[in-house]
Amino acid sequence: MLRFDSSGKPFIIIRDQDQKERLTGSEARKANILAAMTVANLMKTSIGPLGMDKILVDQDGEVTATNDGATILKNMQVENPIAKLLVELSQGQDDEIGDGTTSVVVLAGALLEESLSLLEKGIHPSKISEGYEKACDIAVKHLLKICDKIEFDKENCGSLVKAAKTSLGSKIVNQYTEKIAKISVEAVLAVADLERKDVRFDLIKLEGKTGGTLGDTELIDGIIIPKNFSHPQMPKQIKNAKIAILTCPFEPPKPKTGHKLDIDSVKKYKELLEIEQNYFKEMTDLVKKSGATLVLCQWGFDDEANHLLLQKKLPAVRWVSGTDIELIAIATGARIVPRFSELTEKKLGKAGMVIEKSIGTTDEKMIVIEKCSNTKTVTILVKGGNKMVVEEGKRSIHDALCVTRNLIKDNRIVYGGGAAEISCSVAVNKASKENTGVEQYSIRAFSQALLSVPIALASNSGLNSLEAVSEIQLKQMEKESSFLGIDCLSKGTNNMKEQYVFDTLRGKIQEFLLATQMAKMILKIDDIIRPTGQY
Amino acid sequence: MSEAYQPARILNQGSTQEKAEGARLSNFVGAIALSDLISTTLGPKGMDKILQSPSNLLDSTITNDGATILGSIQISNPAAKILIEISKVQDDEIGDGTTSVVVLAGELLKEAEKLIHKRIHPQTIIKGFRLAKNIAIKKLREIAQDHSENEEDLKKYLKKIAMTIFSTKILTPYKSIFADLAVESILRLKGSTNLESIQILKKTGGLLKESYIEEGFVLDKKLGVGQPKRIENAKILVANTSMDYDKIKIFGSRVVVNSSSKLAEIEEEEKKKMLRKCQKIVDHGINVFINRQLIYNLPEQFFTDHGVVSIEHADFAGIERLSLVTGGEIVSTFDHPELVTLGTAKVIEEIMIGEDKLIRFSGCKEPSACTIVLRGSSKQILDEAERSLHDGLAVLSQMVKNPKTVLGAGCTEIIMAQAIEEAAKETSGKIQIAMESFARALTRIPIIIASNAGYDAEQLVSELKTSHYKGNTTFGVDVMEGKVCDVQKLGIIESFLVKQGMLLKASEATEMILRVDHIMSSAPRRRGMN
């Protein structure tokens, strides 16, 4: 890339340009769109209750098997910049909503695919973007129109369970959906504040454990910490525990300022010895005086201190992780105490029962803190035949928790099984006729792209995808009902209301918005400069 | 042609991906190869494998324990890794059936592969397999016999189960002896599943059948020099404290002296400090002192002078077991003798097993811990014997909790397979084919066991099937005689939990592998990058 200044001297704009490749204009756009489509096509087979899984092998040979869109993309080690954008996109949907991470990528891919033919017609990318923007508006408005409300309260949460079941239907846990959906809803309701419509997610802990099957997954009213008591002879069960949470080690103090303590006489040696032994006594005495009956410490214990704790009948747990400490502090109402001297009775937390349990034949133990006084805290103990199943189980449950939370925040829903997409597609298509000019084309393209998710859904379910989707389009138009969708599980009805298949309105809107935004962003790029030989 | 039309590369350099049929094929090939590899070790007449460690060629293991074999082979195929994982979990959870779980998963995948060639969608296969699995589990629960009521009965059944387990291992010729050993030590645990308190001591020399259960507890350590070799009515202090030099732990302290006389003074003081500690220990009124850490000459001498026997460097597990056995607590400070619980033992004595001196504690308070002394002519034999014994102990300890049994020798598999076949007849659609395949995979297990023993397996198993159809539902394959006979009479029974675990885990893993249609592998991390 050379330019000449007024005196005719050349000057260079891009350094080392002979080592760089450059794609401009429509070629750049096409390369980008192709990359995005490759990713989207990859994800297509994972959509729906009969979607397939992917195996991901990481750098160290560890195996992950999943069909969670966000997880697949995150672990894929993508290099292409456009593909990276899609990874971000799915991540964004995951952070915000927690579900629909696959559909959002597929939709973005479809939007770009449609734009390819528009570009070939010679329509300017900005015009396409504008059309998409408008179409997206129409679709979102349509969603608001067709949305339905579901009613629930603490006692009557059947509808929430059904929503969670839809989310779990596509995952490996689907043979235990009923049970796991119930667990997820119970967990969310336990920590939810229905008045303020707020769910404190940090109070739900997901703990995984191999052994048993996914069906053995259980909800524990309390917190599990994968640790054991510091001394084998401490009691394994404490009723009405008063818990002291310490973030200082049971060890001699280590001042942070550098210093040297010189011992040059016998007297000094003796003094120091006495000081040291008093440290341990003081520490344990202070804890005992506060009235605590259980000590949880973030750091380690000296052997001597450990024995003193046993002698004073103070069960203790060492090396409790920081996040666990915080959770326990919230749950039991304890204050996290950084110094022994600051420990008072007020700062202790309370729990009805603390118990050490062992699992299986290996000597693995866990401490369960139940009946915490302050806030409801729950743990979901996920079990499964192997590590990968447990991990996938955890991810699926996380999704189900997110769906339930979203419903508590906003109880409006749209019908799943592609029903919402098809209905929007019809609406957008209708609206396109009211627009004149090139925009009409791009709006129509948007309505086509919306069908990509139902089409993928149908073809994963083993149906003749185009036929199935167009049939439902027709039915929806005839009956003006927005709850007809793809019958993935061959239950014999297209009525998603009867099948109880629905998605949250928030999730769906977010999905449309994010995908449109991404498509617009990629369409805007008209120049790629990269070093040669990179890929 | 412009670059824009070339297929877009989106993954990192060096990453590979396999799609749809390719991915499925590579999964099947990997998993089936693994299960074929291990299937020859199945059954009473299964063969062993030699495992050689890559770093030290002299260090080899001979075993037919599934989990051990799978744990030590290096594998890069992801599907095979999933199988290894399930075998490990089966080992952790139940302890036995680690080979059968992989073999069953492999057989299921073999059947699934055939179905996929018939153009049946993997999700349909999964559906059928699930249905079949549920039927099998239901049938398994129906036929399981519960022995929880009668204690004497339970013991008899435990022994039978132990014999069945040991009959597939190196211990076969002495299975009766080892079954007795295992049952007795498990009953001592009184329902706890903590196998840590059963110590297995391996001593080369002698024969496998000379192994025995030691009355009391044996510690593989020596008594201090010049101390009595036999102590009666021992009062034991179990401690975890440093008896080498007790340094001051306050951070930053160091000794700085300007003359050798002062150095001597401080050294003297250090010695005194140690002796004071020893005195405190002796003041507990003990005659045996056991420490987890080293005991140096100075304190050892002090103890000898005061008539206290000292044992140094008992490792951590040893200390915990000792405190369990003797009932003493593990002590680290010695200022309050009145608060310390001491351990007791009637007799502590030094004994010889083979050429080694060991310390035996007998007449202890809490006999829940015990020691099994294994004898054998080589290290490999002992290692394998220990693994086999561990499998047996693990299963028995779970059995005490859930004392349900089913018949072995392929009988249970045939019953389940037939239940599935019955149900398949009433199911319409492609699912039916998948269910039939599941039943076939189950039948493969007795076939493999029989063919490992060198018989005409297909013939035997079809005879077995016929006799089941005729109503002899307790019949199985007698691998010793090579004929179909009544298993109930032979007394070959297995734990219900092992069978259930095998079914559940194998089908879960199969499902997981079947669901995959895409494998993406990152480039392996290059050595030396971090």
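Leaving aside neighbours within four places in sequence, which residues is His468(B) in contact with? Select it and look around: Cys411(B), Ile414(B), Ile415(B), Gln418(B), Thr473(B) and Phe475(B) are in contact with His468(B), where contact means heavy atoms within 4.5 Å. His468(B) is found in helix α14 (residues 457-469) of chain B; helices (H or I, at least four residues) and strands (E, at least two) are DSSP runs, numbered from the N terminus. With a relative accessible area of 4%, His468(B) is buried (buried means under 20% relative accessible area, exposed over 50%, partly exposed in between, with a 1.4 Å probe and protein chains only).

Before moving on, some ground rules. This is a predicted model, in which local features need pLDDT of at least 70 and side-chain atom pairs count only at pLDDT 80 or more, while totals for chains, interfaces and linings use all residues; side-chain values use heavy atoms, with hydrogens and water left out. Residues are numbered from 1 along each chain as its sequence is written, and chains are lettered from A and ligands numbered from 1 in the order in which they are written.

Two strands pair if DSSP finds at least two bridges between them. Gly476(B) has Cys485(B) as its bridge partner. Between the strands are four residues, and Gly482(B) takes a positive phi near 75 degrees.

**Stop three: a sheet with strands from chains A and B.** Next, show the open sheet of four strands, in the order β5(A)-β4(A)-β20(B)-β1(B), with mixed pairing. At the edges stand β5 (63-66) of chain A and β1 (16-19) of chain B; each has a single partner strand, so one side of each is left without a neighbour in the sheet. Neighbouring strands are turned by 15 degrees against each other on average, direction ignored. Now pick β4 (residues 53-57) of chain A and β20 (residues 516-521) of chain B, which run parallel and are joined by five bridges. Leu56(A) has Met520(B) as its bridge partner there.

**Stop four: rings.** Over all chains there are five aromatic pairs (rings of Phe, Tyr and Trp, the last by its six-membered ring, pair if their centres lie within 6.5 Å; planes under 30 degrees apart count as stacked, over 60 as edge-to-face and the rest as tilted). Tyr132(A) belongs to helix α5 and Phe446(A) to helix α13 of chain A, 314 residues apart. Tyr132(A) is buried at 0% relative accessibility, and Phe446(A) is buried at 1%.

**Last stop: confidence.** Colour chain B by pLDDT, the predictor's confidence in each residue, from 0 to 100. The mean for chain B is 79, and 89% of its residues reach 70 or more. Over residues 1-5 of chain B, pLDDT stays under 50. For the complex, the predictor gives an ipTM of 0.71 and a pTM of 0.78.

Notes
Axes fitted to C-alpha atoms, helices over the stretch in contact; angles between N-to-C directions.
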